[in-house]
Amino acid sequence: MNHWTETDFQNWLYGLRDEDRHSTECPECRREIERLRQERRQITAEPEVPQEFLTAQRRRIYQRVESPGRNRNAIAWRWALSLAMLLLMVVGITIQQLYRSPAPISDEQLFSDLSSIEQTAEPKAIQPIHNLFEQ
Amino acid sequence: MGVMAERLGTDLQALPDTRDFGSWVTSEQKRVFLLCRRMLQDAEEADSATQDTFFKAWQALSRPESKVLDDPGKWLTRIAVNTCLDRLRSRRWQFWRKRPNSEDENTILALAPSKNPNAEDEVFANQIGERLERALQKLSLRQRAAFTLRHYEDRSLGEIAELLDLDVGTVKVHLFRALEKLREELHDLYFRERKNK
């Protein structure tokens, strides 16, 4: 029977493969399993965490436990600030819409106006005089 | 401080062995912090996630209707894992967030105590460990959680399923996919010696 492959060993280490007859009977694979077990224990050994860090962290936990209101206030403030910002944005956009200057005339529009003036036979200024005679 | 000691010294009925909250925090704190750090890969964020975890636990335990816990450690781990998953989810939106600096990390955390007499081997092992931690970022949130609980905490698949609220089959799939993405790092971690020999 074939020896276990590296993938087999990795899968076994992570619980995706059970030991089989070969792995229990083959001395070479057995040795490898034992080696991996030991290696894993060393690799995953808990690192040291400085005591001062843990003590300071505990103090902060106790402070939060002791004054949960402060935490609630902080959350409320954060919400209030976000709402205020949103409101400011809405007011700003509304004001901008209200006082927006009229849209500039496009070149196309300007040329079409000019050409229509040019094409009329009489200047526009004559129109009031015409009106006088018509009455 | 007096009031604090009074509150923390109170035996919580939900803790089975009549321990007070303060001593429970002391006994579980390091484990929870390391789990958070391994999941979040940022000591500062892990610190704040640890505080959140214990604060949530306190809130739940001090409710009058809270029941006696069968396994407070597992219950706390579940809170910690969910807190970390929430943070990892919200991290996706924090595009401005800078990557944690490994030098800063090392000032907060001392590295693993020397168990290996060969300093060179230890440095190499640390380097691979760091590489593995960086590689965890390639994983999805569930894959990362399943792998972290299996690799660092040596939890059984059943326990992982319970902690992540998944069935064992789904945990297996997550772990399998995680291993597929980490094969290279795991090779260096476990099988480098065999090649060197």
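**The interface between chains A and B**

In this predicted model, Arg64(A) pairs up with Asp52(B) in a salt bridge, and the closest N and O atoms sit 2.7 Å apart. The count of salt bridges between chain B and chain A comes to four. As for polar contacts, 16 residue pairs turn up across the interface of the two chains, with both partners at pLDDT 80 or more.

On the chain B side, the elements that put two or more residues against chain A are helices H1 (2-8), H2 (21-40), H3 (43-61), H7 (141-151) and H9 (168-196). H9(B) brings the largest share, 13 residues. Sorted by class, the side of chain B that touches chain A holds 26 nonpolar residues, 14 charged ones and eight polar ones.

Taken as a whole, the interface has 48 residues of chain B in contact with 36 residues of chain A. Putting the two chains together buries about 4300 Å², and carbon and sulfur atoms account for 58% of that area.

One residue on helix H3 of chain B is worth a separate look: Asp47(B). With a relative accessible area of 11%, Asp47(B) counts as buried, because the cut-off for that label is under 20%. Which residues does Asp47(B) contact, leaving aside its neighbours within four places in sequence? From chain A there are Phe53(A), Gln57(A) and Arg60(A), and from chain B there is Phe33(B).

Then there is the matter of confidence. For the complex, the predictor gives an ipTM of 0.73 and a pTM of 0.68. Chain B has a mean pLDDT of 79, and 71% of its residues reach 70 or more. Among the elements of chain B, helix H8 (residues 157-164) has the highest mean pLDDT, at 94, while H1(B) has the lowest, at 45. H1(B) is also one of the helices that give two or more residues to the side touching chain A.

Note on methods: Residues numbered from 1 in each chain as written. Chains lettered and ligands numbered in written order. Predicted model: local features only at pLDDT ≥ 70, side-chain atom pairs only at ≥ 80, totals over all residues. Heavy atoms only, no water. Contact = heavy atoms within 4.5 Å. Buried area = accessible area lost by both parts, 1.4 Å probe. Salt bridge = Lys/Arg side-chain N within 4 Å of Asp/Glu carboxyl O. Polar contact = N/O pair within 3.5 Å; in protein donor to acceptor, adjacent residues only side chain to side chain. Helix = DSSP H or I, 4+ residues; strand = E, 2+ residues; numbered from the N terminus. Nonpolar A, V, L, I, M, F, W, Y, C, P; charged D, E, K, R; others polar. Buried < 20%, exposed > 50% of the residue type's maximum accessible area, 1.4 Å probe, protein only. pLDDT = per-residue confidence, 0-100.
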